[in-house]
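I opened this entry to look at a protein with its ligand.

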Amino acid sequence: MGFATNAIHVGQEPDPTTGAIVAPIYQTSTYVYEELGKHKGYDYARTNHPNRKALERTVAKLEGGHSAYVFSTGMAGIDAVFRTLRPGDHVVLSEAVYGGVFRLATQLLVHFGLEFSFVDTSVADLVHASFRPNTKMLYIETPTNPTMRVTDIAAVAKLASGRNITVVVDNTFLSPYLQRPIELGAHIVVHSMTKYLNGHSDAMGGAVVLTRPEDAEKIYFIQRSAGTGLAPMDCFLVSRGIKTLAVRMLQHNANGIAVARHLDAHPKVRKVFYPGLPSHPQHDIARRQQRGPGAMLSFDLGTLDAARRFLNQVKLCALAESLGGVETLISLPAQMTHASMPAEVRERIGITDGLVRLSVGIEDVEDINADLDQALLYV
Ligand SMILES: Cc1ncc(COP(=O)(O)O)c(C=O)c1O
């Protein structure tokens with residue numbers, strides 16, 4: 001079956017007891033045993049419940065994985081992936097990772113004996129040079145948030161193969177509709193489902209998609225031990241959102257291209273960072289490994305003052321953290337999503353004070369561009 005068909009039907013079979021085309025929300029914490037040692041497949045909702053199982057099947061299918069586990073947030077899922085490691089293990093990460101992942105690694109997990117190196121994973125030689133004898137994981141975000149650097153997943157996965165290094169890709173920015181990292185050699189895919197998979201800015205969630213049964217066993221153990229699995233209502237909302245993923249991503253992608261071109265031609269905008277523009281340094285890699293450039297972009301307005309004047313004038317675009325919803329969201333990474341990164345690190349990787357991030361929604365694109373234009377008058 002095709003992607004859109006799978007997004008609508010896998011894990012979403014009609015309810016066997018009533019025939020309801022949409023599975024009910026199993027809003028219950030516990031399940032009654034038929035007799036001691038015998039139940040209907042569920043015992044306690046922290047361990048598992050039908051809405052979670054359904055969503056996990058859908059996400060595994062869409063990413064082409066062996067299995068998937070869904071978590072209370074993207075960060076809970078990413079944390080579970082790092083917890084499969086042992087003290088003394090070393091992880092190489094993309095240097096411009098989401099600020100929350102940077103904080104988790106450098107301010108929390110480092111105290112449990114894990115070692116982290118942040119490198120520009122868009123340069124394969126730098127990735128190779130960063131490997132140590134104790135390197136166990138390569139964690140890639142592509143495109144990076146918010147600098148939009150693209151890593152050649154197949155090239156770096158090849159470098160990791162044979163060294164027993166697990167390749168993890170955060171596919172949040174594109175969704176499996178636009179990028180399928182497992183087909184390119186990744187062992188694990190993670191998502192903030194809060195973004196495109198749910199797509200409506202009304203629920204949080206994380207997903208970890210596995211290709212190896214031994215990883216799946218560890219992730220499920222962590223999920224049920226730590227109690228970080230996604231709750232029934234949130235599973236229901238994300239499952240509902242996923243049903244329209246294909247059509248949403250088509251429109252997000254089309255709007256993303258149109259807005260990027262519009263901003264690129266605007267005299268007040270110094271530079272647009274978007275893999276769909278031929279000027280982007282990894283444009284060719286993006287064309288090869290992505291089905292489209294997507295709807296995330298950033299652009300430089302030069303100074304914090306210019307960015308502030310602009311952001312205080314937008315009306316349709318909402319000044320807010322997060323991304324991937326149907327509505328256009330705009331933010332200033334240096335003061336919002338990446339505030340937990342030290343200023344010198346932000347400066348080095350290009351998250352300047354005037355860099356604005358845009359998550360292009362699926363409103364009429366003329367309205368989005370008109371709103372950006374009127375706000376740019378104040379820059
Ligand atoms: C690329 C990326 N990965 C992971 C996360 C974390 O997800 P969550 O906010 O659902 O915990 C985010 C959040 O913004 C993100 O942008």
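**Overall form.** I am working with a predicted model. I looked up the secondary structure and found 14 helices and twelve strands. I then checked the radius of gyration. A compact globule of 379 residues would have one near 21 Å, and the protein has 21 Å, so the two agree. Along the principal axes, the C-alpha atoms fill a box of roughly 70 × 50 × 35 Å.

**Where the ligand sits.** I asked which pocket the ligand takes up. Its space is the second largest pocket.

**The shell.** I listed the residues around the ligand and got 15. Gly74, Met75, Asp170, Ser192 and Thr194 come nearest. I sorted the shell by residue type: seven are polar, five nonpolar and three charged. Which helix gives the largest share of the shell? Helix H3, residues 74–82, does, with three residues.

I went through the oxygen atoms of the ligand next. At Ser192 a polar side-chain atom lies 2.8 Å from an oxygen of the ligand. At Thr194 the side chain again supplies the N or O atom, and the distance to a ligand oxygen is 2.7 Å.

**Burial.** I then asked how much of the ligand the protein buries. Taken alone, the ligand exposes 390 Å². The protein buries 94% of that area.

Note on methods. Residues numbered from 1 in each chain as written. Predicted model: local features only at pLDDT ≥ 70, side-chain atom pairs only at ≥ 80, totals over all residues. Heavy atoms only, no water. Near = heavy atom within 4 Å. Polar contact = N/O pair within 3.5 Å; in protein donor to acceptor, adjacent residues only side chain to side chain. Areas by Shrake-Rupley, 256 points an atom, 1.4 Å probe, with all protein chains shown as cover. 1 Å grid on protein atoms, 1.4 Å probe; cavity = no way out; pocket = protein on both sides within 12 Å on 5 of 7 lines; lining within 4 Å. Sits in = over half its atoms within 2 Å of the grid points. Helix = DSSP H or I, 4+ residues; strand = E, 2+ residues; numbered from the N terminus. Nonpolar A, V, L, I, M, F, W, Y, C, P; charged D, E, K, R; others polar. Rg over C-alpha atoms; globule rule 2.2 N^0.38 Å.
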